[in-house]
Each structure stands twice: as structure tokens, then as C-alpha cells.
Amino acid sequence: MAAAQQAQIGQKVLVSGNEAIARAVWEAGTKVAAAYPGTPATEILEYLGLYSDIYSEWSVNEKVSLEVAIGASLVGSRGFCAMKHVGLNVASDALMTLTLTGVHGGLVIAVADDVGLSSSQNEQDSRFWGRFAHVPILEPADSQEAYDMTRMAFELSEQFNTPVIVRLTTRVCHVKTTIAIYGEREAFSLGGFAKDPARWVMVPTVARTRLPFQAKRDLKLAQYSETNPLNFSLSGVDESVAFITSGPAFMHVQEAFPQSPVFKIGYSWPIPISALKNFASQYEKVLVVEETEALVETELKAAGVENISGKDVLPLHGELTPDVIKYGVAKLIGAPITSNLIPAQQVFPRPPTMCVACPHLGPYFALASMRNIHIAGDIGCYTLGAGQPWNALDTCISMGASMGVALGMDKGRGPEDENKAMVAVIGDSTFLHMGMQGLLNITYNQGNVTILLLDNRAVGMTGGQNNPGNGMNLQGEQTNRVDFAKLVEALGVAPERIRKVNAYELPVVLKTLREETKIKQPSVVITGNPCVLVDAYQPKGPLYVMENDCNGCGNCLDTGCPAISVTRRETVVKPNGREKKLAFVTIDTSVCTGCGLCTKPCAPDCIQPLSLRGDLSKDVSTSPSLGDSQ
Amino acid sequence: MNEVTNIMVVGIGGQGVMTAAEILADAALRLDHDVKKTEVAGMAQRGGVVTSQVRFGACVKSPVIIEGQADVLLSFEQAEALRWQHWLKADGVLLVNDNQLAPPVVNLGLFDYPENALAALHSGGRPMSAFNATAIALELGNVKLVNTVMLGAVAEALPFSAEHLLEGIVSRFRQSKPHLVALNERAFNLGRAASASQLARVS
């Protein structure tokens, strides 16, 4: 788990970019590190949590994590925060003023772009924060650079009195490459908070005086970029196309065109415009290969460089790979695109789905069976409720958006939606991240919204991290635990409209939701069953299907539990002449944890604990579930 | 010429695909290779498709294997082998756990599980071994051992010894869980034997 943490100087270790960054943050003498989990950046703080001589925390959201890092910087310590790309949208309110104040102790923000959207609601190019926030951006291509550049970022931050963004992508965060460790933890302190309202209190009169400082810093940062060794070029014997690239795309270019000249940008904002112009002038054709948007390309074109291509031959979104770049180059030079590849076979899709015995299965079974509801969803595992078999989630925008969207649907509805109930579905961690304000807004503005608060006591989607909802901190120590019923009451929900339910008691969940959606005032239905991936979940012995009794009703399949599979199908003709499709099922007893949800809709009542079966030749109930093998 | 070995490990979230790739990468690292390992596992723990790629040699640039350039495809599930077979070289080695895991969309009747996946895979004419690694693991009493069985299966298709790979597996718990050493050795050797006999027949 912690190769970099345990490594000695001189040792070579195989680590992910996230792990390399954690090591560098620790070496830099950083005192405070904070983050809210988010793919692909989550592991940075998980690794930092292993270092006992640094304060590291799960913050309730990214804005808070940046503000915590700012506080650490103000008292003369080094501060760090990490987030996924959309996290910086949340934190940007703080960033846009932090850039005016500047820093005391070095302050580094690691931002990870989920290029290709493996687990995000959008795709963003965080390099643009450089221009918008007037801050430098460093952009590593692999774990070694992530380690090196994170170290440098702290020095840069203090040298230029600015926060520094280390921009990552999934292929840096999650790829493991070998790094050489060369540092131990440094002592760092600039000594105490110096009260200075003209510097730290950003009222208009003060902030106005900081704008010229920011403009001057922009110039210095731009000059520094021209000579920074992170920006370098390599010559090549094949000069038919030269490349300008950054991040992991550099590795793909080197793989696909090892003989070609290439300019590698590591200090990505401000871009080294003169050096790039000089490079481009030496070659006939230059291709800018950047993930994901045409930032460098646009800057160069604006600077009058004419022999460059980029997004005219390369895709506007998604990951660039050696293949993709080769295809783009073929288009650029007008070469025929040949392929001796074996064609891909069409195979059924295998979308991510909820886990075996997931406590969200019951509530979604209930939602799927309800008519005349609009369901505003949110960000988390329960977003999967939009998929099969539930199809019970109608919107997903951003963290906490279910609250505002549901209220807006309620207030904005016309006659077409008059008889619809507005339901918002949100998880515990998302509610604490950005949902609380939305609920307060619902009660304050007297909206008619039923909130389904799926408290599974973990940040499930990112791997079950702790949060204030389960009362454990990053290090797994017990701390203050929020009481959701009290919290929502304090936010203005009437006590009788706060209903706690057991997510596995399907009839109760359904009845409660039906009652609350009929009442025209805000109500909150709270589940409290833990995520099956966390320690609080207590698996029971597996269930099995008494195959002779299964009548093929298929109701259990509608729970969506992946432990249930079909063994055979039949079509029968009913007395009324209609055809009915039957699906006879079995339960994979090696993964079932006996939650019992599927027994509730089972028409012939033929699902039982395996322990009651008489003919057990061997006990498979001790087999651990598939879900915990990683 | 820079010789790089490209191994692709595929399966379903929760099967141990990433751990298997990790062990392969570690084994290469211990021989002082330059190593890169990457995966696409967005919401892997949620039963989705997981692919992990391991590349090693004197110098590795991109972590990504180019389509059609994998030397070995190690698939933890039958249909996943079919999904990714085009990533292999024409003479690449295909090792398949022929256990079938149907996702909910198949169980709901929205899609069909491919009927002749193994025949389709064989028709590629590559060196191939397909056997039920899940059954072997369950026989040994723990479905998690699939991982070790599959690593045994790939052992003969690597540029280093099977013993070197096995040592990398058992060293992970020799200290912490010594009782698992013998069990994993058995799983590894059963996987190795199952695949070796089939590969020998092809060649």
C-alpha cells in the first residue's frame, strides 16, 4: 500500500502519481493537507493519511479544503489540498481571492482532470485556471515528474507569492511508474501569522491595491516560463512533423514518434510563448498535442504562429493515446490510414452497477415502482439508479444539485407536471458537501419536495472513505458524528416529516415514500444502512433459490442485485391469450451476503438462507465476497 | 530495438484484476525493468469492465498498450476475452478464465451473453488456453484465489520464470498470513498446469 512512504533515499519504487505526490508533499515539510474525495485524486490524501507527522484531513468539500490550506499558509506553514477537476469549481471562490492575497507559507493545489470521464459528470481542462486565476500551472507526465514538480511547486509558490496548481490527469494519478526517491522530510516554517490587514483582509479598498501586484506577478511568471527547465525540447531525425505537447500526451508522442522533434511543456501556464515560437519556426509542420482543449494551440495562433495544427486533426475531447496521435498525424500529412487490426467483437455492455446487497437497491426498487414522480438525483453511487433495471433518476448535475433542481421543478411546474411529486435523492456525504444549503433553501422557501437521504455512512463511490456522517476521520479515528435527523430538523424540516427507514424493508420504504410524496411540505426520508464496502456492514450467511419452487416471476431481478442470475427462460401463454416471459433464477452463494432484499418481492417465497438447505456437501458460506478482493 | 513486453489483464470489478497486474508489474520491477502499469477502472468496484495494462522493458514511454500490440491477454472472464481480443498481436497469447459472469443487463434480458465466445476466440488461431479458474479457486475454498490461478496460467507466457512470479505472490503474505502461502502455491501451480497443457497442444 505504501511503497513511497516507506522508501529510503536512493530507492526505486513503483508508485502511482497520487502516491508520488503524497511523498513529495510530506518531504516538503507541509504541515496541513486537506481534500474531499474525488476520482482520480482520492488516493493522494489517503496516502498522506499514512504519514503521522503531517496533519491531514477529509474536509466536507473542496472549498473548505482550500480554505484550510490557506489558513496553514497564513501562519507560515506549507499547506496543500487535492481535488478532482469539478472540485476546483467549488473551491474557485476562495482561489480567485487567494490569488490576490498571495501566500505566506507555500500553498499547492493538486487538481486531477478525469480525461475521458471514467467517473465524472463532465470533462474540464484545469489548465485554464492558470489564466483565469493568474496562477502558475505545473503539469507532470508521470509519477517521477509528479514527485519532482510537487516539490518544486512549494518553492515556486513562495518565490512568486502565489498559490500553485499541479494539474494532473487520470493517466498520471492512477498509472504506476518507477520513481527514484531523493528526499526526506524537511523542516519548514516561516514563523507565525503576521497581522497585516492591507494584505489579508480583502475588502474592496485593499483588494484594489493588490491588482497591480497580480499583474506584475503575471509578467514575472511568464518570463520565468521561458527559461524554466520544465519546458524543454528534444531534437529528432524525422522532421516531417514536430510536436508540442504536455502531460501524459508527451509519453504517447514519444511512443508513437520516437524519432520526431518534440517540445515538452511542464510549466504549463503561463506558456513559454517565445520558446515555443522559436521551436515552431524550425519546422515545416508542428502538431500541438494537448489534453483536452486547444489552450496552447490557441495561444500560439494568437501570437501569429501559422504552421501549427492541433484540434483540426486531433479529437476535441477524451484521452489522447499513441493510436489517436498516429491517426491525427496521418490526417495532417495526408497519409493513407491503413489498418491491419483485428476487428473488435460486439459484446453486451457491462456498465457499472450497484454492489451485491447495496443498501441503495431497496430505495431504488421502490422509486422504480412509483408513478407520477420526478426524481432529481445527485452525485454518488446512487446516480447508478438512472441505469437498469431501475431507470429511477431523472437528473444529475453537480454535487448537491438535487435540492435546488427539485425545488425549481416544484416552483416552475406547469399544468403538465401538476400531479407530479418532486423527489430529491442524495447521499450522506454529498448532502454534507453541498446539499445542506439546498435543503435550507427548500424549507425557507416552503417547497414541496420529498428528500430521500441515503445515508450509507461512507463516501461510497470513491471507495468508502470516512466523513462526518460516520463520525470517523481520515485516519479512521472516532470523532464527532453528525445526527442527520437533528440536522435536517435544524434546517427547518418539521419533526413529523422526518422518517427513518430500514433500506432493506421494502414494504416500509415504499409505504413511507408514498405517504411523504402525498404531503405538500418538505419531508426527509432517511435510510441508515451502511455501504457494503465499509467495516460497519455486517454480512450474513448467503441465501439460495429453492429451484423447484421458483416460478420464474423474475421480481427478484428488479432489485438489480448482481448476485442474482437467470438460469433459464420460458415463455408461457396465459389464459387470456397473452404471452408471459418467465426467468428462473439462481443466487451466487459465493457473493451473496444475505441482506434479504430479494426475498421481499419473491412471489413464490422460494429464497431461503443457505444454512437451511439440507444437502450441503460443503460450506461455501465462508467464501469471502468478490467485492472485497481489491 | 527497445523490446517492451505488453500484458493486458481484463475482467470485472472486484475480481482482482488490478492486483494481478500489480503483481506482474512488481515482478518486472524486481528484475530492474522500467515498468508502467495503467488501468481503466472508472467505477470498477461496481461490477464494470476493468482493464489493466502492464508494460515493461529497458525503457517504456507510454503506459498505454497500442491496440493490436499486446503480447498476452489475461482475461478473468469469458465474454471479456472476446471484448478485448483485438488488442492482442496476431500471435499474442490468450489466457481465459472461461467462467461466465452475466451482468444485470443480460439477466434482465436486454442483451444476450455470446453463445460461442470460446469458439470465436479459438478461430483467431492464436496460442490459447481456456479453463475454469473460478472452479479451481472454489475447489480450493476461496473465490479470491482466482487471481493466483490466473497468474499461474500466465506464468509460461512471460519473459521471466514462473518461480520468480510465484515468489512475488507469496512474499505478499509470507509474514502477515503464512497459512496462505501453501494455498496460493497450489492455486498457482494448478493454473500453470491447466494453461501449459492447452498451450502445448496448440504449438
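Predicted model: local features only at pLDDT ≥ 70, side-chain atom pairs only at ≥ 80, totals over all residues.
In strand β22(A), Leu582(A) is the bridge partner of Glu570(A). Residues are numbered from 1 along each chain as its sequence is written, while chains are lettered from A and ligands numbered from 1 in the order in which they are written.

**A hairpin in chain A**

Strand β21 (residues 564-573) and strand β22 (residues 579-587) of chain A run antiparallel and are joined by nine bridges. Strands here are DSSP runs of E with at least two residues, helices are runs of H or I with at least four residues, and both are numbered from the N terminus. Two strands pair if DSSP finds at least two bridges between them. With five residues between them, β21(A) and β22(A) form a hairpin. In its turn, Gly577(A) has a positive phi of about 90°.

**An open sheet and a helix on it**

Elsewhere in chain A, seven strands form an open sheet with mixed pairing, in the order β3-β2-β4-β5-β7-β6-β12. Its edge strands, β3 (55-58) and β12 (267-269) of chain A, each pair on one side only. Within this order, β5 (residues 107-113) and β7 (residues 164-169) of chain A run parallel and are joined by six bridges. There, Ile109(A) stands opposite Ile165(A) of β7(A). Helix α5 (residues 85-101) of chain A packs on the sheet, where it touches β4 (79-84) and β5 of chain A. The direction of α5(A) makes about 120° with that of β4(A); axes are lines fitted to C-alpha atoms, for helices over the stretch in contact, and angles run from 0 to 180 degrees between N-to-C directions.

**Where chain B meets chain A**

Now to the two chains together: 53 residues of chain B are in contact with 50 residues of chain A, contact meaning that C-beta atoms, placed from the backbone, lie within 7 Å. On the side of chain B that touches chain A, the elements giving two or more residues are α1 (17-30), β2 (34-40), α2 (78-84) and α3 (104-107) of chain B. The most comes from β2(B), with seven residues. The residues of this side divide into 26 nonpolar, 16 polar and 11 charged. Here Ala, Val, Leu, Ile, Met, Phe, Trp, Tyr, Cys and Pro count as nonpolar, Asp, Glu, Lys and Arg as charged, and the others, Gly among them, as polar.

Lys36(B) is the bridge partner of Thr177(A).

**Some backbone details**

Most residues other than glycine have a negative phi, and most peptide bonds are trans.

| Item | Value | Loop |
|---|---|---|
| Glu291(A) to Thr292(A), cis | omega near -5° | Thr292(A): between β13 (286-289) and α13 (295-302) of chain A |
| Gln388(A) to Pro389(A), cis | omega near -5° | Pro389(A): between β15 (373-376) and α16 (401-412) of chain A |
| Ala357(A), positive phi | phi about 65° | between α14 (322-333) and α15 (361-369) of chain A |

Are His134(A) and Ala357(A) buried or exposed? His134(A) is buried, with 20 other C-beta atoms within 10 Å. Ala357(A) is buried, with 26 other C-beta atoms within 10 Å. A residue counts as buried if 20 or more other C-beta atoms lie within 10 Å of its own, as exposed if 12 or fewer do, and as partly exposed in between, with C-beta atoms placed from the backbone.
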